[in-house]
Amino acid sequence: MKIALLYPPPWKIPGPGEAAATDGEGPPSEYAEGDLDGDFFQTPYGLFTLGAQAIRAGHQVKVMNLSAFSWSRVREVLAAFEADLYGLSCWTANRRGVALVAREIKRLHPRAHVIVGGPHATPLAREMLAHHAEIDTVSVGESETSFLDVIDRLERGEPVTGIAGTAFRTGTEIVVLEDRPAIEDLDSVASPHDYFDTHIVMTSRGCPWRCTFCGAEASWGRSYRAQSVPYVLDALEKAVARAPVKMIQIKDDTFTTNRKRVIELCRGMRSRSIGFLWSCDTRVDVLGDELLREMRLAGCERLSLGVESGSQKILDAIDKKITPDEIIE
């Protein structure tokens, strides 16, 4: 089966010399250049993970980052690449573009199946199906198993309904099924680094904390799960070998949740002499001298810390479970 995994632009981006869309499908009136930062334009890691699963299962997969493409170029790409299944990554910032790309896919390839997933689609699956007729299926949360089930149904010519972890239509009714059980053995998931070039690596899923503003629980469930140390070290070796610049972003929700594991990972990086610089995201209350020393020796050059506020009142209101003194320290 031919599969296209797409990261749509935020809206209809005008090309050089082209006027901005005036039909409500261009940028919002208050948009200013730079409002979308560099992180927005990175290919979502989930597309690579889904692609790896499908390739391992024997399918043809193309991952395309259209986030900075002009709308005329988007149309050219969609016209040139015909697939049986189109998977779209939907974040709040590109929700308009997802709807526009889904509509264009159905115009060009009316028999193709369009499935949408991601952190915006997960909590708003019902609304996406209600407002956008061109979307056939929404995959909710962790999608590797659901995605393979959708592929199997399409290959057999069966209806793509009744798959746990998805939302779909039956006639005029929208059905959102129960979540699938979380994948407990993350080492069983195909590694994106066997098939794709990306400087992003994820080694775990979920977060033990429940900050009120965070979407991690909606995406990954309440559990914290991690890949084994050997699996991660193998993935890092492959990612670094493919990277033109030896710099990696580890994008776990809270990388240092398990300090012992991270220390073991860092020592493994050194013993294998992988040799790269890296960054990660974490919290101020899961650090320590020994851990930080091991991370620095292993090449970590930047920590992105979830601070959110210097006000204890606000920190308590969002259930952050840290204090300004811990942040300062």
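Me: What makes Glu82, Asp84, Asp152 and Glu155 a patch of negative charge?

Reply: In this predicted model, Glu82, Asp84, Asp152 and Glu155 gather on the surface. Asp and Glu count as negative, and like charges are joined within 9 Å when the residues have over 30% relative accessible area and no salt bridge. These four residues are therefore described as a patch of negative charge.

Me: Why is Glu155 called partly exposed?

Reply: Glu155 belongs to helix H5, residues 144–156. Its relative accessibility is 48%.

Me: What makes the pair of Arg272 and Glu237 a link between distant parts of the chain, and how accessible are the two residues?

Reply: The salt bridge between Arg272 and Glu237 joins residues 35 apart: Arg272 is in the loop between helix H8 (259–271) and strand S12 (277–282), while Glu237 is in helix H7 (residues 229–242). Arg272 has a relative accessible area of 30% and is partly exposed; Glu237, at 33%, is partly exposed.

Me: Why is it said that Asp281 and Lys251 tie parts of the chain together?

Reply: The side chains of Asp281 and Lys251 form a salt bridge at 3.2 Å, N to O. Asp281 lies in strand S12 and Lys251 in the loop between strand S11 (247–250) and H8, so the pair ties together parts 30 residues apart in sequence.

Me: Which label does each partner of the salt bridge between Arg270 and Glu294 receive?

Reply: Arg270 and Glu294 meet at 3.4 Å, N to O. The pair links helix H8, which holds Arg270, with helix H9 (residues 289–297), which holds Glu294, 24 residues apart. Arg270, at 41%, is partly exposed, whereas Glu294, at 5%, is buried because buried means under 20%.

Me: Why is Ala102 called buried, and which residues is Ala102 in contact with?

Reply: Ala102 is found in helix H3, residues 95–108. Its relative accessible area is 1%, under the 20% limit, so Ala102 is buried. Leaving aside neighbours within four places in sequence, Ala102 is in contact with Leu88, Val114, Glu134 and Ile135.

Me: What makes Val245, Met247 and Leu277 a nonpolar patch?

Reply: Val, Leu and Met count among the nonpolar side chains, which are joined within 5 Å when the residues have over 30% relative accessible area. Met247, in strand S11, has 37% and is partly exposed. Val245, Met247 and Leu277 form the patch on the surface, with about 250 Å² of accessible area together.

Methods. Residues numbered from 1 in each chain as written. Predicted model: local features only at pLDDT ≥ 70, side-chain atom pairs only at ≥ 80, totals over all residues. Heavy atoms only, no water. Areas by Shrake-Rupley, 256 points an atom, 1.4 Å probe, with all protein chains shown as cover. Charge placed at Lys NZ, Arg CZ, Asp CG, Glu CD. Helix = DSSP H or I, 4+ residues; strand = E, 2+ residues; numbered from the N terminus. Buried < 20%, exposed > 50% of the residue type's maximum accessible area, 1.4 Å probe, protein only. Contact = heavy atoms within 4.5 Å.
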